[in-house]
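This report goes through part of one structure, helix by helix and then strand by strand. Please keep the sequence and the structure in view while reading.

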Amino acid sequence: MNKIVIDNMSFRYESGQEVFNNLSFEVEKGEFVCLLGQSGCGKSTLLKLIAGLHKPTSGSIKLDGKLIEKANLGMAVVFQDYGLFPWMSAGDNISLAIRQKFRNIDKMSSKKIALDMMKRVDLEEDVYYKLPKELSGGMKQRCAIAQAFAIDAPVLLMDEPFGALDAVTRSGLQDLLLELWAAESEKKTIVFVTHDVDEALLLADKIVVLGQSSTNNIIYICNLDRKEERRRENQFSDSKILEKRNELIEYIYQDVSSLRRKKQ
C-alpha cells in the first residue's frame, strides 16, 4: 500500500534534546507530502526517522503496517548534497544502486537502465562517464533523481533537494519531478522537505507545517486539491493560491514569534 503511519512518535538525541513529542500523522499511498517549517523545527530529522536512519525514542513509524527499523531499498532518498560517490562516474553511481536493488541484474543491463533513466531527466549520454566534480549542481541533482527513479522504490524521500540551486535550475527540476511522478501508473509516495512555501504549494497534495512552539510539533496541515490546476504561471496571480500562501506564512510567522517569546 506504500502508506506511512507515524503514531505518537517521540524522538530525542542522546544529549537529551527533544525534537518530537507524540507526533502523529499519515502519508497515504501515492501522496505527495511536503514538510514545511522554519529551520530547526526537525524536518530533516523526521525524514531520517522515516528512512530508518534514526530510531524513535517512543511510539512508532510504520510502512504498510510494518515497523521501519532500518534503511531499506523500498525507500529511495535524495539529499541536498546529491548523495553521489565522488570516485565513481555519474552513471556508475546509478548503475550501482540498480544492482543493489535488483541483485540478479548484470552490469550491461544496469547500464542500459541507467542510460535510459538519464535520458528521461535530460542528461546526455556522455554524462554517464563523468565524475560528479565535473558536473554542475543541477546535473548532479538530475543524476540523484535518475538514481531514485531507476531503482523504482515505491517511497521517495527528498531532503531539500533543490535548496542549493539557482532559481532557474530549481524551477526546471521541480517541473521534472512532477512530470516523472505523474507519468507513473503507480505513483510513488513522496515525502519532500522544504522551507519554501511556494515550492510546497507547487508540488504537494498535503503540506505538514512543523513548528518548535507546539507540544506535538505539527502546527498546521493543509490538504490541496490537485484537480484544481496549479501551474507556475498562475502561482502569483490565482487568488486561492495567494490566500493559501499567506495562510501558511502566517502560521510559520506565529510559530517564530511564539518561540521568541518563550526564549525571552
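## Helix H5 and what covers it

The buried residues of helix H5 (167–183) are covered by elements that include strand E3 (32–36), H3, H4, E7, strand E8 (189–194) and helix H6 (197–203). Helices (H or I, at least four residues) and strands (E, at least two) are DSSP runs, numbered from the N terminus. The buried residues of H5 are Arg170, Leu173, Gln174, Leu176, Leu177, Leu178, Leu180 and Trp181. Buried means under 20% relative accessible area, exposed over 50%, and partly exposed in between (1.4 Å probe, protein chains only).

The 17 residues of H5 should span 24 Å at 1.5 Å a residue, and the end C-alpha atoms are 24 Å apart, which agrees. The expected span of a helix is 1.5 Å times one less than its number of residues.

## Basis of the model

This is a predicted model, in which local features need pLDDT of at least 70 and side-chain atom pairs count only at pLDDT 80 or more, while totals for chains, interfaces and linings use all residues. Residues are numbered from 1 along each chain as its sequence is written, and side-chain values use heavy atoms, with hydrogens and water left out.

## Helix H4

Helix H4 covers residues 137–150; its 14 residues should span 20 Å at 1.5 Å a residue, in agreement with end C-alpha atoms that are 20 Å apart. H4 is mostly covered, with 12 of its 14 residues buried. Among them are Gly138, Lys140, Gln141, Arg142, Cys143 and Phe149.

The cover over the buried residues of H4 includes strand E6 (75–78), helix H2 (90–101), helix H3 (107–120), strand E7 (155–159) and H5. Aspartate 152, which follows H4, has a positive phi near 55 degrees.

The axes of H4 and H5 come within 11 Å and cross at roughly 15 degrees. Axes are lines fitted to C-alpha atoms, for helices over the stretch in contact, and angles run from 0 to 180 degrees between N-to-C directions. The two helices, H4 and H5, are therefore roughly parallel to each other. Angles under 35 degrees count as roughly parallel, over 145 as roughly antiparallel, 65 to 115 as roughly perpendicular and the rest as oblique. The crossing of H4 and H5 is right-handed. A crossing is right-handed if the near helix is turned clockwise from the far one by less than a right angle, and left-handed if anticlockwise. H4 contributes Gly138, Gln141, Arg142, Ile145 and Phe149 to this contact, and H5 contributes Thr169, Leu173, Leu176, Leu177, Leu180 and Trp181. Contact means heavy atoms within 4.5 Å.

H3 and H4 have axes that come within 9 Å and cross at roughly 125 degrees. That makes H3 oblique to H4. H3 passes H4 in a right-handed crossing. On the H3 side the contact is made by Ile113, Met117 and Met118, and on the H4 side by Cys143, Ala146, Phe149 and Ala150.

## The four-stranded sheet

Four strands form an open sheet in the order E2-E1-E4-E5, with antiparallel pairing. Strand E2 (18–27) and strand E5 (66–67) stand at the edges with a single partner strand each, so one side of each is left without a neighbour in the sheet. Two strands pair if DSSP finds at least two bridges between them.

Strand E1 (residues 4–12) is joined to E2 by six bridges, with isoleucine 4 opposite valine 27 in E2. E1 also pairs with E4 in the antiparallel sense, over five bridges; here serine 10 stands opposite serine 58 in E4. E4 and E5 are joined by two bridges, and lysine 62 has leucine 67 in E5 as its bridge partner. These two strands, E4 and E5, form a hairpin with two residues between them, and aspartate 64 in the turn has a positive phi of about 55 degrees.

H1 is mostly covered, with seven of its nine residues buried. The buried residues of H1 are Lys43, Thr45, Leu46, Leu47, Leu49, Ile50 and Ala51. Just after H1, glycine 52 takes a positive phi of about 85 degrees.

Histidine 54 lies in the loop between H1 and E4. Histidine 54 is partly exposed, with a relative accessible area of 25%. Not counting residues up to four places away in sequence, histidine 54 touches Phe11, Tyr13, Thr45, Lys48 and Leu49.
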